[in-house]
Amino acid sequence: VIHYPYRNGKKINLPEYFVKRYLRVGIPMIIVAIMAYLLKVDPSDLPFWSLYCELIYYTLYPLVLWIMAKYKLSIENVITGAFIISYLFLFIHGQDVVAFLTQSKSRALSYHYMGIYWTWLLGFPCWLLGVRIAAEYDKIKTNAISEKRIVWIRLVTFGGSVFCSIAHFHLSLSYTISMGLFSLLASFWILNEIKFWSNRTPLSFLENGGKWSYSLYLCHMFPVAYVRYHGGTTHFLIAFAQVVSALIISYVFYLLIEKPSHSLLRKIKFSANRPDYKVKV
């Protein structure tokens, strides 16, 4: 999504880019942090770790384009290098790998247990796969595929996610090991979804739902944390109520916070007195 406007070599106005990227994530994030404080929700229950990673990726993105232009690298070269560095770091760190190889009975570690200082390094190649999809967008959207093929791809991708989840809990396979590999399958699936929908009309209510997906991501844990804080038990009706509550809270948050802030950011313009990074990947 970040690379999409620049996929054909559009110049990046760096001051405008950084201000808009940081505020786009930061304004709703700050409001949610205030809400969590007022409602006595533990910050660890919120997905802030991934947003820190996202801000780091936004910061590195222009640098990546500059390196690609200077050394004539393809996006595939950069992704390969990022994967190598990511897994080398993981193997050197050792804790996850040892737990898997020895089949430790202790529960596999979560993806973000390394904290905000190192988790971004594990996820960086996954994020770059999105850059590659954007770079290929104009080409892949002209190659429609059949419904039968996309159904099979969806089933395989879902099966892969189920395997990773089961292996996490029963084979001590940490998400830090499996997530990078699964991201290859996930990016292949997304790429083919673009092909599939290139000549079809999507369901409008799901398309519109995508507009407030960031709000859903930020707010979906509030009902869960509330039940946990008040000593609630796991029950189907409670779980159903949590899902419905999460959808309602997230949509209201989108209308009151995210949508107005996003509209405001679209009006921010900086004059560019010099060419910044321009590269087609």
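Predicted model: local features only at pLDDT ≥ 70, side-chain atom pairs only at ≥ 80, totals over all residues.

Q: How are the helix names assigned, and where is Lys-40?
A: Helices (H or I, at least four residues) and strands (E, at least two) are DSSP runs, numbered from the N terminus. Lys-40 sits in the loop between α1 and α2; Lys-40 is not a glycine, yet it has a positive phi of about 60°. Its relative accessibility is 56%, so Lys-40 counts as exposed.

Q: Which residues of the largest nonpolar core touch the most other members?
A: A nonpolar core is a set of buried Ala, Val, Leu, Ile, Met, Phe, Trp, Tyr and Cys residues joined through side-chain atoms within 4.5 Å. The largest one here has 49 residues, of which Val-32, Tyr-61, Phe-124, Trp-127, Leu-128 and Leu-218 touch the most other members. At least two residues of this core come from each of α1 (14–38), α2 (48–71), α3 (75–93), α5 (119–135), α10 (213–219) and α11 (222–229), and α2 gives the most, with nine residues.

Q: What is Phe-124 in contact with, once its neighbours within four places in sequence are left aside?
A: Contact means heavy atoms within 4.5 Å. On that basis, and with those neighbours excluded, Phe-124 is in contact with Tyr-57, Leu-60, Val-64 and Ala-82.

Q: How should I read the packing of two helices, and at what angle do α3 and α5 cross?
A: Two packed helices are described by the angle between their axes and the distance between the axes. Axes are lines fitted to C-alpha atoms, for helices over the stretch in contact, and angles run from 0 to 180 degrees between N-to-C directions. The axes of α3 and α5 cross at roughly 165° and come within 8 Å, which means that α3 is roughly antiparallel to α5; angles under 35 degrees count as roughly parallel, over 145 as roughly antiparallel, 65 to 115 as roughly perpendicular and the rest as oblique. Residues of α3 that meet α5 include Ile-79, Ala-82 and Phe-89, and among their counterparts in α5 are Phe-124, Leu-128 and Arg-132.

Q: How does the packing of α11 and α12 read on that scale?
A: The axes of α11 and α12 are 8 Å apart, and the helices pack at an angle of about 135°, which means that α11 is oblique to α12. Pro-223, Val-224 and Val-227 of α11 make the contact with Ile-238, Gln-242, Ser-245, Ala-246 and Ile-249 of α12.

Q: How many disulfides does the structure hold?
A: A disulfide is a pair of cysteine sulfur atoms within 2.5 Å, and the structure holds zero of them. The sulfur of Cys-164 has its closest cysteine sulfur in Cys-126, at 11 Å, which is too far for a bond. Cys-219 is in no disulfide either, as the nearest cysteine sulfur, that of Cys-53, is 19 Å away. Cys-164 is buried, with a relative accessible area of 12%, and Cys-219 is buried as well, at 0%.

Q: What does Ser-178 touch beyond four places away in sequence?
A: Ser-178, in helix α8 (residues 175–197), touches Cys-164 and Leu-173 when residues up to four places away are not counted. Its relative accessible area is 6%, so Ser-178 is buried.

Q: Where does Phe-270 lie, and what does Phe-270 touch?
A: Phe-270 lies in the segment after α12 (236–266) and is partly exposed, with a relative accessible area of 35%. Not counting residues up to four places away in sequence, Phe-270 touches Asn-13, Pro-15, Glu-16 and Val-19. Asn-13 is in the segment before α1 and counts as buried at 15% relative accessibility; the C-alpha atoms of Asn-13 and Phe-270 are separated by 7.4 Å, although the two residues are 257 residues apart along the chain.

Terms used:
Residues numbered from 1 in each chain as written. Heavy atoms only, no water. Buried < 20%, exposed > 50% of the residue type's maximum accessible area, 1.4 Å probe, protein only.
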